[in-house]
Amino acid sequence: MEFNLIITGVGGQGGLTLSRIVGNAAMVEGYNVRIGETLGMSQRYGSVLSYLRFGEEVYSPLIEEGKANLMLALEPAEALRNARFLGKDSVAIVNAYPIHTATTLVGKERYPELNEIEKAIGRICPVHMMNFQREADKINPRTLGVLMLGYAYGKGLIPLKRESLLEGIRLTLREKLWEMNFRAFERGEELAKA
């Protein structure tokens, strides 16, 4: 078994933390884990991309174009920017909450419409797109990634046990953050069933 996960977003959204949560969960199950990261200005809304691979025999963190099993896109334009990793066997879960960068705010670039993003990705693979940020905000804005992880798990798109994912949260985050992240994971599962 080999699983390839792309996590993309902008700095400050918690994409790197999310990759560590999933990586720790996979290690709990005895898998080899490789994580690679490409950072823009990760503290200042620059692009952030994490490659996470796990399985019995995984040696490189890099994922070939078209070979991601799953993309968790914390920001919609970043999903489009990294669509090259998606193929017909992939699934994309996209947060429909745009974060405008300086170049779009001053009019140097046009931010694509959400329906354009969904259609473009939908031509490659199945896409689940909703405003996950609005749901995370009801718990804590910083739980976005874990909420989306719960959604992916609820849709059967993460080949790890639920308890392993919760243990990944425990191993990665400080104890005072566990409860709200468990709630976010559960909310994601509920959204997947709705």
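Reader: At what angle do H1 and H6 pack, and how far apart are their axes?

Author: In this predicted model, residues are numbered from 1 along each chain as its sequence is written, local features need pLDDT of at least 70, side-chain atom pairs count only at pLDDT 80 or more, and totals for chains, interfaces and linings use all residues. Side-chain values use heavy atoms, with hydrogens and water left out. Helices are DSSP runs of H or I with at least four residues, numbered from the N terminus. Axes are lines fitted to C-alpha atoms, for helices over the stretch in contact, and angles run from 0 to 180 degrees between N-to-C directions. H1 and H6 pack at about 45°, and their axes are 9 Å apart.

Reader: Which word describes the orientation of H1 and H6 to each other?

Author: Angles under 35 degrees count as roughly parallel, over 145 as roughly antiparallel, 65 to 115 as roughly perpendicular and the rest as oblique. H1 and H6 are therefore oblique. A crossing is left-handed if the near helix is turned anticlockwise from the far one by less than a right angle, and right-handed if clockwise. The crossing of H1 and H6 is right-handed.

Reader: Which residues of H1 and H6 make the contact?

Author: Contact means heavy atoms within 4.5 Å. From H1 come Leu18, Ile21 and Val22, and from H6 come Gly145, Val146 and Leu149. For classes, Ala, Val, Leu, Ile, Met, Phe, Trp, Tyr, Cys and Pro count as nonpolar, Asp, Glu, Lys and Arg as charged, and the others, Gly among them, as polar. This contact of H1 with H6 has five nonpolar residues, one polar and no charged.

Reader: How do H1 and H7 pack?

Author: H1 (residues 15-28) and H7 (residues 162-172) pack at about 120°, with axes 7 Å apart. These two helices are therefore oblique to each other, and their crossing is right-handed. Thr17, Arg20, Ile21, Asn24, Ala25 and Val28 of H1 meet Ser164, Leu165, Glu167, Gly168, Ile169, Leu171 and Thr172 of H7. By class, the contact of H1 with H7 has six nonpolar, five polar and two charged residues.

Reader: At what angle do the axes of H7 and H8 cross?

Author: The axes of H7 and H8 cross at roughly 145° and come within 10 Å. The crossing of H7 and H8 is right-handed. H7 contributes Arg162, Leu165, Leu166, Ile169 and Arg170, while H8 contributes Trp178, Asn181, Phe182, Phe185, Glu186 and Glu189. The contact of H7 with H8 divides into six nonpolar, one polar and four charged residues.

Reader: Which residues of H7 are buried, and what covers them?

Author: Buried means under 20% relative accessible area, exposed over 50%, partly exposed in between (1.4 Å probe, protein chains only). In H7 the buried residues are Ser164, Leu165, Leu166, Gly168 and Ile169. Their cover includes H1, H6 and H8 (178-193).

Reader: How many residues of H6 are buried?

Author: H6 is mostly covered, with 10 of its 11 residues buried. Among them are Leu144, Met148, Tyr151 and Gly154. Gly154 has a relative accessible area of 15% and touches Ala192 and Lys193, not counting residues up to four places away in sequence. After H6 comes Gly156, whose phi is positive, near 75°.

Reader: Where does Thr143 lie, and is Thr143 buried or exposed?

Author: Thr143 lies in the loop between H5 (132-137) and H6. At 1% relative accessibility, Thr143 counts as buried. Leaving aside neighbours within four places in sequence, Thr143 is in contact with Ala136, Met180, Asn181 and Ala184.

Reader: Which residues touch the most other members of the largest nonpolar core?

Author: In soluble globular proteins, nonpolar side chains tend to be buried together. A nonpolar core is a set of buried Ala, Val, Leu, Ile, Met, Phe, Trp, Tyr and Cys residues joined through side-chain atoms within 4.5 Å. In the largest core, of 38 residues, Phe54, Leu70, Ile93 and Leu160 touch the most other members. H6 (residues 144-154) gives the most to this core, with seven residues. Another core, of 20 residues, lies apart from the largest one and includes Ile63, Met71, Leu86 and Cys125.

Reader: Which residues is Leu70 in contact with?

Author: Leaving aside neighbours within four places in sequence, the contacts of Leu70 include Phe3, Leu5, Val91, Ile93, Ala152 and Ile158.
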